Amino acid sequence: MKWNFIHDLQRIYAYMDCLEENTIERDYPLIWERIHATSCAQIGRMLAEMRGVDTELAAITCALHDMGRWVSGRQNDHAPKGEEPVRRFLMEGTMDDDTREQIVQAVINHSKKDQVGSELEEIVKDADILDCYWYGEKIAKVHHAARLQRTLKDLGIHSLREG
Ligand SMILES: [Fe+2]
């Protein structure tokens, strides 16, 4: 078992438990944030395995990608707002500076879904879209739909239903 990652998820859930005490208005409830963080991590692993990227790096990056929204409660600008809390979260780990920076940059850039970034950033963007799609969110933006179709095709899934 990958206990390091499981312990990271435990820290993420504990972090969200603390956020439950804030009664700020939220665009998405924290239960969704927990589910999305967890399933994005697993989708990220799958994409990373396909693309020859470190699966555990992909998993933790995907798990943390919406941290800005966990904290602010709001979708608006949540990607760059994730920088500071993600840096703080990663300070407790043992990873090297370069790896930490790759994660932080992927979090900051994950909403730029009309652009192509690093391999890690692309995994986060694609995992994000796939997870939202599979949980029934309407994938309305044209570049989101294009990314979804491309990723499904890469996975050998051709039956694109109505979002
Ligand atoms: Fe996001």
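**Helix packing and the nonpolar core**

The crossing of helix 2 and helix 8 is right-handed, a crossing being right-handed if the near helix is turned clockwise from the far one by less than a right angle and left-handed if anticlockwise; helices (H or I, at least four residues) and strands (E, at least two) are DSSP runs, numbered from the N terminus. The model is a predicted one, in which local features need pLDDT of at least 70 and side-chain atom pairs count only at pLDDT 80 or more, whereas totals for chains, interfaces and linings use all residues. Residues are numbered from 1 along each chain as its sequence is written.

The axes of helix 2 and helix 8 come within 8 Å and cross at roughly 130°, where axes are lines fitted to C-alpha atoms, for helices over the stretch in contact, and angles run from 0 to 180 degrees between N-to-C directions. Helix 2 is therefore oblique to helix 8, given that angles under 35 degrees count as roughly parallel, over 145 as roughly antiparallel, 65 to 115 as roughly perpendicular and the rest as oblique. Residues that make the contact include Cys 40, Ile 43, Gly 44 and Leu 47 of helix 2 and Ile 123, Ala 127 and Leu 130 of helix 8, two residues being in contact if their C-beta atoms, placed from the backbone, lie within 7 Å.

Beyond its neighbours within four places in sequence, Ala 127 is in contact with Cys 40, Ile 43, Gly 44, Leu 47 and Cys 62. The largest nonpolar core has 30 residues, of which Ala 58, Cys 62, Ala 63, Leu 64 and Ala 127 touch the most other members; such a core is a set of buried Ala, Val, Leu, Ile, Met, Phe, Trp, Tyr and Cys residues joined through C-beta atoms within 7 Å. At least two residues of this core are supplied by each of helices 2, 3, 4, 6, 7 and 8, and helix 3 gives the largest share, seven residues.

Leu 90 lies in helix 6 and is buried, with 20 other C-beta atoms within 10 Å (buried, 20 or more such atoms; exposed, 12 or fewer; partly exposed in between). Leu 90 touches Met 95, Arg 100 and Ile 103, residues up to four places away in sequence not being counted.

Overall, the secondary structure comes to nine helices and zero strands. The radius of gyration, taken over C-alpha atoms, is 15 Å, close to the 15 Å that the globule rule (2.2 Å times the number of residues to the power 0.38) gives for 163 residues, so the protein is as compact as a globular protein of that length.
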